[in-house]
Amino acid sequence: MRIISYTGVTKPSLLLVHPELPALAWKLQLTSISPQIPRTREKLVGLITRCQHSDAGRTKATRYADSSVSSTKSSRLGQRQRGPSSLYSRPSLLDMRNDKVANRARVYDFLRGIGIVPDELDGLELPVTVEVMRERVDFLHSLGLAVEDINNYPLVLGCSVKKNMIPVLDYLGKLGVRKSTFTDFLRRYPQVLHASVVVDLAPVVQYLQGMDIKPDDIPRVLERYPELMGFKLEGTMSTSVAYLVGIGVARREIGGVLTRYPEILGMRVGRVIKPFVEYLENLGIPRLGVARLIEKRPHILGFGLEERVKPNIESLLEFHVRKESLASVVAQYPEIIGIDLKPKLVSQQSSLKSVIDLGPEDFGRVVEKMPQVVSLSDKPMMKHVDFLKNCGFSMEQMRKMVTGCPQLLALNLDIMKLSFDFFQKEMQRPLDDLVAFPGFFTYALESTIKPRHKMVTRKGLKCSLGWLLNCSDEKFEQRMDYDTIEMDEMESSPSFDMNTLTEPRSDESGSDYDSDDEYA
């Protein structure tokens with residue numbers, strides 16, 4: 001048998017599928033493949049072909065991936081080279097922080113340029129642009145606030161015009177607060193611009209309505225005391241009202257008291273109201289009397305106890321007002337404990353000394369009977385003294401009359417002239433009767449003096465002016481039934497009765513205080 005051997009790859013034309021054979025193909029040494037075994041050769045060729053295609057696929061995929069990675073790196077490199085102007089760029093945290101600092105610096109420069117000191121604004125959220133800050137400043141100027149006002153409360157620059165300022169001002173306007181008062185309102189309480197209408201302002205208004213303050217009076221209350229808008233309902237407001245009711249202020253009077261002096265709602269009971277009430281009680285005014293004074297003049301609670309009230313009481317004592325008369329003096333003229341009193345006392349004592357030779361002790365009696373004398377001007381007083389001189393009274397008589405009835409220095413001069421003419425022409429009494437009862441000038445001529453004089457004359461009674469006038473109409477009717485005049489009824493000038501303060505009002509019932517036991 002003859003054996004033929006080959007040294008190459010049988011039928012190389014089959015390898016033209018790919019010009020490059022893989023290493024596996026070249027390592028195969030087909031040295032003894034017989035042409036008579038075709039099935040074996042076909043298997044070998046198929047294996048080589050599949051290896052070529054598989055390796056070619058891997059090569060192509062690897063090249064595609066390498067190309068993709070290379071493209072991505074190139075894209076990122078391009079982005080870095082193009083900088084932040086690229087559509088897909090994002091600033092770093094450091095860049096954002098630097099921009100914020102730069103924007104705030106520009107806003108601060110703008111504020112300093114118009115005179116506003118921004119030192120207190122650090123940490124406050126402010127507009128990022130000068131234009132928005134300029135809008136806020138211009139809006140505040142349109143409300144009447146000057147640069148000085150803004151410097152007094154620079155935090156107002158943190159309020160947005162549309163989100164904060166306009167809603168608050170619209171709400172106040174709907175309540176009835178006048179636009180002409182907005183400037184003063186905001187100067188006194190600029191913090192209102194930070195408030196929420198629903199959470200902060202509306203509940204305060206509802207509370208005031210619950211205190212029987214009339215809807216038409218609420219805007220006046222807010223105009224008078226803007227700080228009220230910042231109070232908490234469960235705090236000072238409720239406790240101050242409860243205390244006043246507890247000492248005897250009628251519930252029905254609370255609305256009027258708060259309307260006239262809403263500052264009460266901001267006063268602390270333990271520090272302000274209670275010490276004031278107890279001090280007046282120690283002077284001799286009953287607690288219910290103090291309540292009546294507060295109902296009529298609630299502003300007296302605003303007189304500083306240590307700064308004004310106590311020094312004024314000491315001044316009254318210094319000018320010979322008797323200690324037992326202090327309660328009467330304060331009850332007649334509560335303002336006397338709240339004014340700058342001592343200079344007035346010095347001035348009035350000097351004036352009366354010069355015109356009627358009134359001594360220090362007599363001046364004390366004058367203040368006791370008419371404490372308002374400390375507030376009288378010199379010219380009107382001089383006119384009244386001149387009138388008495390023209391009536392024929394001596395200096396001594398005038399001094400006695402003024403001491404007995406200081407009201408002579410303040411009455412209407414025209415009415416005094418009419419009363420004196422009737423006294424001289426119709427009653428035909430001596431001047432000494434007027435010296436003994438100078439209060440004659442304080443009674444109404446047509447409704448009291450004339451009819452009573454007519455009745456006494458008809459009855460043929462001889463009486464003093466005090467017996468004739470110093471009594472009620474009912475008492476006078478009883479006197480007309482007398483045959484003689486009792487000496488104990490020869491009354492002199494009227495005096496102030498402290499009991500008038502505690503008398504029940506005709507428009508109230510005892511049940512008003514029954515419901516107040518919980519506050520006692």
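## Starting at Ser315

Leaving aside residues up to four places away in sequence, Ser315 touches Leu341, Lys342 and Leu345, where contact means heavy atoms within 4.5 Å. Ser315 sits in helix α14, residues 305-318. Helices (H or I, at least four residues) and strands (E, at least two) are DSSP runs, numbered from the N terminus. With a relative accessibility of 8%, Ser315 counts as buried; buried means under 20% relative accessible area, exposed over 50%, and partly exposed in between, using a 1.4 Å probe and protein chains only.

A word on the model: it is predicted, so local features need pLDDT of at least 70 and side-chain atom pairs count only at pLDDT 80 or more, while totals for chains, interfaces and linings use all residues. Residues are numbered from 1 along each chain as its sequence is written, and side-chain values use heavy atoms, with hydrogens and water left out.

## The chain as a whole

The protein chain holds 26 helices and zero strands. Of its 520 residues, 39% are buried. Take the contacts between residues at least 6 apart in sequence: 70% of them join residues at least 24 apart.

## Helix α14

The 14 residues of α14 should span 20 Å at 1.5 Å a residue, and its end C-alpha atoms are 18 Å apart, which agrees. The expected span is 1.5 Å times one less than the number of residues. Which residues of α14 are buried? They are Leu305, Val309, Asn312, Ile313, Ser315 and Leu316. Seen down the axis of α14, these residues fall within an arc of 165°, so they line one face of the helix; the arc is that of the directions from the helix axis to the C-beta atoms.

The buried residues of α14 pack against α12 (269-283), α15 (326-332), α16 and α17. On the face turned away from the buried side, α14 carries the exposed residues Glu306, Glu307 and Glu314. Just after α14, His320 takes a positive phi of about 70°.

## Helix α4

Helix α4 (residues 130-142) has 13 residues and reaches 18 Å from its first C-alpha to its last, close to the expected 18 Å. Its buried residues are Val130, Met133, Arg136, Val137 and Leu140. Viewed down the axis of α4, they fall within an arc of 125°, so they line one face of the helix. The face turned away from that buried side carries exposed Glu131 and Ser142. After α4 comes Gly144, with a positive phi near 100°.

## Where α17 meets α19

The axes of α17 (residues 360-369) and α19 (residues 395-404) come within 8 Å and cross at roughly 40°. That makes α17 oblique to α19. Axes are lines fitted to C-alpha atoms, for helices over the stretch in contact, and angles run from 0 to 180 degrees between N-to-C directions. Angles under 35 degrees count as roughly parallel, over 145 as roughly antiparallel, 65 to 115 as roughly perpendicular and the rest as oblique.

From α17, Asp362, Arg365, Val366 and Lys369 meet Arg399, Val402, Thr403 and Gly404 in α19.

## Positive phi in two loops

Most residues other than glycine have a negative phi. Asp357, although not a glycine, has a positive phi of about 55°. Asp357 lies in the loop between α16 (341-356) and α17 and, at 40% relative accessibility, counts as partly exposed.

Gln428 has a positive phi near 50°. Gln428 is in the loop between α20 (413-427) and α21 (431-436), and at 64% relative accessibility Gln428 counts as exposed.
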